[in-house]
Amino acid sequence: MSDVVEFAGVGVIRSGNALLHDITWSVEEGERWVVIGPNGAGKTTLLQVAAARMHPTHGVAGVLGEVLGAVDVFELRPRIGVSSAAIAERLPANERVLDVVLTASWSVVGRFAEEYDAVDERRAHDLLAALGVARLADRQYGTLSEGERKRVQIARALMTDPELMLLDEPAAGLDLRGREDLVARLQLLAEDVDAPALVLITHHVEEIPPGFTDVLMLRDGQVVAAGPIESTLTAENLSRTFGLPLEVDRHGDRWAARAAQPPADALAGAEPDRPAHA
């Protein structure tokens, strides 16, 4: 397999529940993909398979030229950068920020007895600077704001110079300022020709950074649509994905979506407006 990610008929069943159904999808070098869909659509499961942290129940999952089930995943995983809530929860709150990034070199969380050379420390400092958090290198990770933590997590994911970068809802929990700062920095990453192939998971089209090239739309573990973002991220496809009539707008390089009309039951039971008392 030559693609960065190549899924053929991939399905995942856990505890009798089908989380993914017959997913056929590929990511090539230089592509920047957005995976979008509602809660329970299978987005995080898809990412776990692409991260070589979950094997499919059926179908063939190829990652970086290797086939899951026929490769030592412990050798494959260092080639994949991952930023996700699951990894973030394991990072020690009292760890120095620089060490949070450095320990990715050994695929561990929490510095212990491993040694790092000067080139590793320089790379960690450079990545923190690129994400706008160089001044935090000596702070404890647990003292950072949510937006600062997200940027440190992305720096950590880039530490091993991965060939594939997976971002699971990087803007979740951020306020407007934090989201916009992160989107701007992910735009710079997307536009860097030397950056790895990128896959970003989100619920919201407003969080799609400029520079992303393609979109995969999921609902109930199945592909609704996939392809170039300009022709695929349409009101029709997004409405099918979320099961709600939606309008999609584009303002320059950014996207926005809103309900085309209130759901029929949105106002059910609402009390009529009452005149204000003088």
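This note sets out numbered points on the sheets, cores and aromatic contacts of the structure above.

1. Basis. The model is predicted, so local features are reported at pLDDT of at least 70 and side-chain atom pairs at pLDDT 80 or more, whereas totals for chains, interfaces and linings use all residues. Residues are numbered from 1 along each chain as its sequence is written, and side-chain values use heavy atoms, leaving out hydrogens and water.

2. Six-stranded sheet. An open sheet with mixed pairing has the strand order β6-β7-β8-β3-β9-β10. Strands (E, at least two residues) and helices (H or I, at least four) are DSSP runs numbered from the N terminus, and two strands pair if DSSP finds at least two bridges between them. At the edges stand β6 (80–83) and β10 (222–228), each pairing on one side only. From one strand to the next the twist averages 15°. Strands β6 and β7 (residues 164–168) run parallel and are joined by four bridges; Ser83 has Leu167 of β7 as its bridge partner.

3. Helices on this sheet. Helix α1 (residues 43–50) lies across β3 (32–36), β6, β7, β8 (197–202) and β9 (214–219), at about 155° to β7. Helix α9 (residues 235–242) packs on the sheet and touches β3, β9 and β10, its direction making about 35° with that of β9. Angles run from 0 to 180 degrees between N-to-C directions, with axes fitted to C-alpha atoms and, for helices, over the stretch in contact; contact means heavy atoms within 4.5 Å.

4. Strand β9. Five of the six residues of β9 are buried, so the strand is largely enclosed by the rest of the structure. Buried means under 20% relative accessible area, exposed over 50%, and partly exposed in between (1.4 Å probe, protein chains only). Four bridges link β9 to β3 in parallel, with Met217 as the bridge partner of Ile36. Six bridges link β9 to β10, and these strands run antiparallel; Val215 stands opposite Gly227. The β9–β10 hairpin has two residues between the strands, and Asp220 there takes a positive phi near 55°.

5. Nonpolar cores. A nonpolar core is a set of buried Ala, Val, Leu, Ile, Met, Phe, Trp, Tyr and Cys residues joined through side-chain atoms within 4.5 Å. The largest has 49 residues, and Met217 and Leu233 are among those with the most contacts inside it. Apart from this core lies another, of 35 residues, including Ala61, Val63, Ile80 and Val199. Leaving aside neighbours within four places in sequence, the contacts of Met217 include Ile36, Val224, Leu233 and Leu238.

6. Four-stranded sheet. A second open sheet, with antiparallel pairing, has the order β2-β1-β4-β5. Strands β2 (17–27) and β5 (66–67) each have a single partner strand, so one side of each is left without a neighbour in the sheet. Seven bridges join β1 (residues 5–14) to β2, and Ile13 stands opposite Ala18.

7. Aromatic cluster. Phe7, Trp25 and Trp33 form one aromatic cluster. Rings of Phe, Tyr and Trp (its six-membered ring) pair if their centres lie within 6.5 Å; planes under 30 degrees apart count as stacked, over 60 as edge-to-face and the rest as tilted. The ring centres of Phe7 and Trp25 are 5.7 Å apart with planes at 75°, so this pair is edge-to-face. Trp25 and Trp33 are also edge-to-face, at 5.7 Å centre to centre and 85° between the planes. Phe7 counts as buried at 2% relative accessibility, as do Trp25 at 5% and Trp33 at 6%.
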